[in-house]
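Here's a quick tour of one protein model, with a look at two of its residues. Have the structure open while you read.

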Amino acid sequence: MGSFQTPIGMRSSNLLETSCGYLLQELQMIWNEVGQDHFEREKVLLDLEQECLEVYRKKVDAANTSRARLHQELAEAEAEFTHLLLSLGERSLPGRPEKMAGTLKEQLDSITPALREMRLRKEERVNQFRTVQGQIQKISAEIAGQSESEYDDLSSDIMVNENDLSLKKLEEYQTELQRLRNEKNERLMRVEQYIDAVHKLSSILGTDSSMVITKVHPSLNDLCGITKNISNGILAKLNSTVESLDEEKLKRLDKLHHLGKALTNLWNLMDTPYKDRQSFSHVTGLLSLSSAEVSDPGSLTLNIIQQAEAEVRRLDHLKASKMKELFFKKQNELKEICNKSHMEIPLQSEIDNLINLINSGEIDHADLLMSMDQQISRAKEEASSRMTIMEKVEKWMLARDEERWLEEYSRDENRYSVSRGAHKNLRRAERARVLVNKIPGTSPSNVGRV
């Protein structure tokens, strides 16, 4: 039993001296007893020696193989450790000595925990890369306008470059991710601005904004419950839609401006009462507003335009029937001014010709009434300039009438009789004498003395 505790070299020699030697002696005793030939004995001993060498050789070969395997494992571990350090961008692992010492197994046992730590770090870093790259891929897909199903097909193909897992590379990906997030937020903001503009314009025009937005893309409708498409194509469509609504807004406003002016002209033409104009005050109120100033919901609906068009047609129809009445009214006004101022009145033939033009529709009613208003205005100006002369003429005519009465009164032989009212005639005669004396070309001798 003590032979198992001795060194390998001593154990081999002892084995030869004890076990092998004892067996060899026992074999020689047998051969002596048997009378074995010397040549046969040498042959057997040579075979035994060869068999022993073969056993030793196998053991040595096995030991060499084991040593080579340990060298290989250690080299692979060292190579993997070095590769992990390089891929993670680290110079060394804290707590691990730069140079290893001891047997191969001791060196392998020393590097194994460090290698395990580096593998865990790599796995964690790979997960960080995969997460960041996945978010980059997702946001890029959203910006490109890909659907969720298309993105799901791509998300399984995320490839992480395990040869470069450094923090610097991770920061580059994180910077790119932040840039894409900012771009996404900016696009979402632009989409919301476009949608808000569509809501406002649709409210002004009286259209269904939900249908307009859904027509651009279903994802833009919050009721659909899917991620909004923020691709360049959708932004271009939204911009085109807003521009189209703006053009429609401007077109309708121009239409209502035209109708508002037409209503105002017709009202003024026919002296429409203020209360009758109130029902379309929302139309005439737009006359002073530009497109940018119109923001009240429902102010430019097709229904309002149709109502205004119908009212203009109705007033146009009434205008024709009231035109003669208005024309004659202004004609009588002009005649009255002319008569009072003793001015020339337009010939009846000219008036009849204008009436025929009205009946035939060959003359614009507004132009006609404007012409009449201008004639009336000129007649009033002329009458105003003649006022001083007319007052003198009236006084002269009054004086002439008094002169004729005084002449008749002077020839009356009973003018001094005491009759009823004689004193009144006397006072009138005194006033008439004073007035007549003021008339050029008359004198008391022409009328006699009272």
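Let's start with Ser219, which sits in the loop between helix H6 (209–216) and helix H7 (232–270); helices here are DSSP runs of H or I, at least four residues, and strands are runs of E, at least two, numbered from the N terminus. A word on the source: this is a predicted model, where local features need pLDDT of at least 70 and side-chain atom pairs count only at pLDDT 80 or more, while totals for chains, interfaces and linings use all residues. Residues are numbered from 1 along each chain as its sequence is written, and side-chain values use heavy atoms, leaving out hydrogens and water.

Is Ser219 buried or exposed? Ser219 is buried, because its relative accessible area is 2% (buried means under 20%, exposed over 50%, partly exposed in between, with a 1.4 Å probe and protein chains only). Skipping residues up to four places away in sequence, Ser219 touches Ile226, Thr227, Lys228 and Asn229 (contact means heavy atoms within 4.5 Å).

| Ser219 side chain with | Distance |
|---|---|
| His217 side chain | 2.7 Å |
| Asn229 backbone nitrogen | 2.9 Å |

Now for Leu201, which belongs to helix H5 (residues 167–205). Leu201 counts as buried because its relative accessibility is 7%. Beyond its neighbours within four places in sequence, Leu201 contacts Val242, Leu245, Asp246 and Lys249. Gly298 is 97 residues from Leu201 in sequence, yet their C-alpha atoms are 9.5 Å apart.

Zooming out, the protein has 15 helices and 0 strands, and 29% of its 450 residues count as buried.

Definitions and conventions: A polar contact is a pair of N or O atoms within 3.5 Å; within protein, one must be able to donate a hydrogen and the other to accept it, and residues adjacent in sequence count only if both atoms are side-chain atoms.
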